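Subject: Handing over the structure

Hi,

Here is the structure I promised to pass on.

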Amino acid sequence: MDKLIIEGGRELHGKVTVSGAKNAALPLLAATLIAPGDHILHNVPDLRDTRTMLKVMETLGAVWERNGTTIWVNTTNLTGAEAPYELVKTMRASVLVLGPLLAREGYARVSLPGGCAIGARPINFHLRGFEQLGVETTLTSGYVEASVKENLRGSVVYFDTPSVTGTENILMASVTAKGTTIIKNAAREPEVGNLIDMLNLMGAEIMGRDSDFLTVNGVDNLKPVETTIMPDRIETGTYIIAVAATGGDVEIEGCNPSHLPSLVEKMRNAGVHIEAGESSFTVKGNGLRSVDIRTMPYPGFPTDLQAQFMALMCFAEGVSVIHETIFENRFMHVAELQRMGADIKVDGATAIIKGKKREEICGAQVMATDLRASASLVIAALAAQGKTEISRIYHLERGYENMVEKLQKLGAVINKVRE
Ligand code: EPU
């Protein structure tokens with residue numbers, strides 16, 4: 001297993017380019033299954049999770065080839081309709097093939113993802129939504145079997161809380177349903193917008209992009225397309241926070257600044273100098289003040305940046321209160337940050353962080369527990385004094401493309417070594 005060795009206490013300087021968004025690439029790859037033929041997707045990050053999605057698609061009969069950041073996918077002949085446990089257990093977003101398979105084949109068998117490091121994460125909203133569209137679902141031997149009874153038919157689907165992949169699955173199942181589907185309390189994350197743009201380009205009729213009320217007029221069929229994955233807003237935010245934590249002056253290029261409204265506001269409140277260009281941010285780290293955050297569905301503060309923001313607050317002046325409202329177990333990084341000397345108290349879904357001086361937080365041996373927790377440890381290690389060893393970094397490789405190389409280019413002393 002690989003681990004990271006980081007010598008902290010160095011400022012970051014220079015330019016870094018953001019990759020395509022993992023959480024947009026996954027549904028957009030899955031969407032190619034709806035329309036038989038040749039699809040071309042640009043700006044697809046090469047990550048453990050995108051590779052897993054391509055493996056799932058291969059088991060269904062798709063053929064693909066990567067050339068740089070462009071992926072050609074042919075979905076003419078589907079030979080299966082099953083996403084096996086071996087793949088779903090490594091990436092729960094494999095359930096995103098359910099919607100496309102129901103639209104194309106009228107049947108899908110997908111392993112039910114178990115709980116994960118950040119919470120139980122059920123898929124009951126997805127299944128209830130499919131049932132509204134005329135799908136029968138049963139659970140046998142750990143697998144969800146979903147079959148369309150007669151036709152997929154338009155209906156009203158309401159989410160108790162906005163679900164990102166739930167909204168994406170229902171959108172993909174409803175584009176070729178008979179009649180009109182209304183999705184109420186839909187997720188408004190930009191990744192959903194990226195999927196809507198792709199589906200509309202394929203010939204779908206989806207209205208209400210960026211709102212929580214989506215209308216889908218079913219069409220007879222969709223056609224293959226060429227399209228581009230949006231920049232990764234969570235990777236962008238991770239680098240913004242890293243610069244704020246270490247100090248320095250960095251230009252983050254190839255991003256969409258309008259996708260991070262809440263983070264930008266919080267960074268300014270924390271005293272960080274941040275300027276947005278058309279497709280870039282310039283960040284200058286200096287004195288840090290504590291600020292509070294509450295994670296919320298978009299455009300609220302993203303849960304996927306909570307752990308990284310907590311690492312930052314460990315170095316801020318004052319006391320910060322962080323409230324996690326999306327996942328019930330997303331404080332796994334706390335115990336590791338405490339090993340580095342951070343002063344954090346957790347009470348249920350609330351963490352209280354008393355900021356310390358940079359020299360009071362020291363490198364240590366820590367363990368990555370999930371993707372974003374790993375990023376938070378990297379940030380803490382970059383800003384802390386001395387050497388940190390982070391083990392189990394395969395989590396990091398699920399969602400950050402070339403993070404070690406990108407940070408090295410900014411002047412960080414970070415190396416991957418075999419354990
Ligand atoms: N929920 C249910 N039932 C469902 C679906 C969701 O109770 O059927 C609950 C969840 O447990 C959670 C809330 O609804 O409390 C919202 O979860 P959501 O469904 O939006 O999460 P997701 O679609 O499974 C995506 C991202 C996550 C990100 C969340 C929240 C992808 C592939 N994954 O997950 O990304 O944290 O939205 O924004 O898009 C990550 O990249 O590190 C990551 C975990």
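Below are my notes, going from the domains to the ligand and then to some single residues.

A word on the basis first. This is a predicted model, in which local features need pLDDT of at least 70 and side-chain atom pairs count only at pLDDT 80 or more, while totals for chains, interfaces and linings use all residues. Residues are numbered from 1 along each chain as its sequence is written, and side-chain values use heavy atoms, with hydrogens and water left out.

The domains

The protein is divided into domain 1 (2-19 + 231-418) and domain 2 (22-228); these bounds come from an automatic or database domain assignment. Taken over C-alpha atoms, the centres of domain 1 and domain 2 are 30 Å apart. Between them, 24 residues of domain 1 are in contact with 20 residues of domain 2 (contact means heavy atoms within 4.5 Å).

The ligand

Which residues come nearest to the ligand? Of the 22 residues around the ligand, they are N124, S163, T165, D304 and I326.

- T165: an N or O atom of its side chain is 2.6 Å from an oxygen atom of the ligand.
- D304: here too, a side-chain N or O atom is 2.6 Å from an oxygen atom of the ligand.
- I326: a backbone N or O atom sits 2.5 Å from a ligand oxygen.

On its own, the ligand has 830 Å² of accessible area, and the protein covers 86% of that (areas come from the Shrake-Rupley method with a 1.4 Å probe). The elements that give two or more residues to the shell are α1 (22-31), α5 (124-132), α6 (164-174) and α12 (371-383). The largest share, three residues, comes from α5. Helices here are DSSP runs of H or I with at least four residues, strands are runs of E with at least two, and both are numbered from the N terminus.

Both domains take part: the shell draws at least three residues from each of domain 1 and domain 2. By class, the shell has ten nonpolar, seven polar and five charged residues. In that count, Ala, Val, Leu, Ile, Met, Phe, Trp, Tyr, Cys and Pro are nonpolar, Asp, Glu, Lys and Arg are charged, and the others, Gly among them, are polar.

Around α9

In helix α9 (residues 261-269), S262, L263, V264 and M267 are buried. Buried means under 20% relative accessible area, exposed means over 50%, and partly exposed is in between (1.4 Å probe, protein chains only). The buried residues of α9 pack against α8 (233-246), β16 (273-276), β17 and α10 (306-313). Just after α9, G271 takes a positive phi of about 90 degrees.

G237 is in helix α8, and is buried, with a relative accessible area of 0%. Leaving aside neighbours within four places in sequence, G237 is in contact with L260, L263 and L305.

K284 is in strand β17 (residues 280-285). Why does K284 count as partly exposed? Because its relative accessibility is 34%. Not counting residues up to four places away in sequence, K284 touches G248, D249, V272 and H273.

A buried loop residue

T75 is in the loop between β5 (70-74) and β6 (82-83). T75 is buried, with a relative accessible area of 0%. A polar atom of the T75 side chain lies 2.9 Å from the backbone oxygen of A35. Beyond four places in sequence, the residues that T75 touches include T32, L33, P36 and R104.

Most residues other than glycine have a negative phi, and most peptide bonds are trans. Where are the exceptions?

- N43, not a glycine, has a positive phi of about 60 degrees. N43 lies in the loop between β3 (38-42) and α2 (48-59).
- D210, also not a glycine, has a positive phi of about 75 degrees. D210 is in the loop between β12 (205-207) and β13 (213-217).
- The peptide bond from Y298 to P299 is cis, with omega near 10 degrees. P299 is in the loop between β18 (293-294) and α10.

Cheers

Conventions: A residue is near a molecule or strand if one of its heavy atoms lies within 4 Å of it. A polar contact is a pair of N or O atoms within 3.5 Å; within protein, one must be able to donate a hydrogen and the other to accept it, and residues adjacent in sequence count only if both atoms are side-chain atoms.
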